[in-house]
Amino acid sequence: MKSPLHSHALGASLSSLISPCHDPLRPQQPHSPPEGPTIGLTFSGGGFRATFAALGIVRYLADAGLLGNVRYVSSVSGGSVANGVLAMQWPALRAAGYSADAVDELVIRPVFERVSTASLRTKVVRNIWRAWSRTNRTDLLAWAFDDWLYHGVRLEDLDPEVRWIINAANLATGSRFAFERDVLGDYVVGLARTHGTDMSLARAVAASAAVPGVLAPMTLRGIDFPCGARGEPVLVDGGTYDNTGLEALMSRRYRDVFLISINAGGIFVTKKIHGFPIIRDLARSNSLLYRQSTGLRTRWMVERYIAWNETLAPDDQDVHARRGVLFGLASDVRPRPGRETLSERYHEFAARFPDRRTYGGKDLAFVPTVFNRLEPGLLDALIYRGWWLAGAMIAELHPENAGLASGTRPPPVG
């Protein structure tokens with residue numbers, strides 16, 4: 001019988017159908033925090049633009065006293081850079097009480113100092129000789145990440161208090177491929193245990209950021225996947241499948257998770273179409289596919305959030321309803337459903353912390369998607385924008401989680 005996943009677009013044939021592996025292994029689920037909401041974060045792709053906006057969200061949660069409640073972080077590409085540093089420093093953050101000062105020192109500063117003084121792209125290009133016999137450009141990216149930020153940390157070394165989910169896309173199966181502390185794989189090849197693979201955090205982040213055409217796919221060899229006979233994983237940037245990072249946490253089993261999601265990916269601009277027809281049309285079609293994949297997931301989540309807000313009583317709740325906030329770098333804060341004006345809590349927040357969405361006269365949403373060196377002032381602005389959006393959205397939509405101390409110092413503004 002033909003599988004419902006059969007698709008000529010994926011190169012499948014009657015003799016090679018794509019179907020779930022049905023293996024029993026699943027990731028270990030974290031324990032809920034002792035009090036307060038269980039928080040999940042999703043960090044999108046978008047180069048270092050996405051990295052620093054995500055770091056701003058981490059800083060806001062520390063300021064709001066909520067960082068210790070994080071139990072899930074799902075990320076793609078540039079967002080995975082932030083996810084990896086947060087994961088690596090989690091034990092030290094816990095020891096420091098998840099304070100804002102600890103976030104600044106342990107999480108933000110190492111990335112800030114690297115990106116404001118050197119170009120990751122240039123580092124890879126200058127070391128291209130290392131790929132002569134045993135590696136490709138994506139392996140070099142992993143080496144560069146390891147040298148800059150991750151220092152040999154392996155996935156299995158990560159703290160088990162949080163599910164750290166770093167997403168790539170598997171060209172062989174057309175699926176989201178996840179790297180986690182205890183497992184790695186997708187639903188077609190199945191999940192393998194991370195222990196014993198010596199898989200580094202840097203390699204997972206590099207696979208998540210391997211932009212097709214710029215970086216070569218990363219082929220995982222020597223790992224015994226339950227349905228590995230279907231082909232070795234061939235991994236590229238997770239944004240080619242889901243640039244939001246949402247899919248890992250969309251199902252109703254995460255219904256009790258308060259989700260904070262940022263899409264710092266590229267902006268689709270309505271404009272007249274110019275340029276050489278073939279190149280122009282392929283590039284624009286790729287942008288349309290990206291817009292479709294992110295738009296569908298975003299719309300689904302927004303509908304779930306609205307269903308939660310419309311709940312009249314706990315027993316009357318839609319089984320798919322979810323709590324959380326979702327925003328992009330270009331987002332405007334709007335009133336809660338059913339209200340015509342913004343809340344008093346939002347106005348209090350905005351009066352203390354003004355919105356600043358531009359740098360050098362340009363909207364931060366249009367910062368190029370690069371892994372190059374960026375100006376310190378621009379990095380400050382991106383951090384502040386992520387911090388401000390998280391605070392403003394929660395103040396308006398979920399004021400019960402919006403508490404900031406009177407002496408809170410926001411990140412500096414570029």
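Visitor: Is Asp159 buried or exposed?
Guide: This is a predicted model. In it, Asp159 has a relative accessibility of 10%, so it counts as buried, the cut-off being under 20%.

Visitor: Which side chain does Asp159 meet in a salt bridge?
Guide: Its partner is Arg94, at 2.6 Å from N to O. Arg94 lies in helix α2 and Asp159 in the loop between α5 and β3, so the pair ties together parts 65 residues apart in sequence. Arg94 itself is partly exposed, at 33% relative accessibility.

Visitor: Why do such side chains pair?
Guide: Opposite charges can pair when the charged atoms come close.

Visitor: How many salt bridges does the count come to?
Guide: The count is 20 salt bridges. One of them joins Arg385 and Asp355, with the closest N and O atoms 2.6 Å apart. Because Arg385 is in helix α10 and Asp355 in the loop between α9 and β11, this pair ties together parts 30 residues apart in sequence. Arg385 is buried, at 0% relative accessibility, whereas Asp355 is partly exposed, at 35%.

Visitor: Which residues do salt bridges with shared partners join into one network?
Guide: That network consists of Arg71, Arg94, Asp159 and Glu161.

Visitor: New topic: how many residues of helix α6 are buried?
Guide: Seven of the eight residues in α6 are buried, among them Leu201, Val205 and Ser208.

Visitor: And where is Ser175 found?
Guide: Ser175 belongs to strand β4, residues 175–179. Ser175 is buried, with a relative accessible area of 1%. Beyond its sequence neighbours up to four places away, Ser175 touches residues including Asp186, Tyr187 and Tyr241.

Note on methods:
Residues are numbered from 1 along each chain as its sequence is written. This is a predicted model: local features need pLDDT of at least 70, side-chain atom pairs count only at pLDDT 80 or more; totals for chains, interfaces and linings use all residues. Side-chain values use heavy atoms; hydrogens and water are left out. Buried means under 20% relative accessible area, exposed over 50%, partly exposed in between (1.4 Å probe, protein chains only). Helices (H or I, at least four residues) and strands (E, at least two) are DSSP runs, numbered from the N terminus. Contact means heavy atoms within 4.5 Å. A salt bridge is a side-chain nitrogen of Lys or Arg within 4 Å of a carboxyl oxygen of Asp or Glu.
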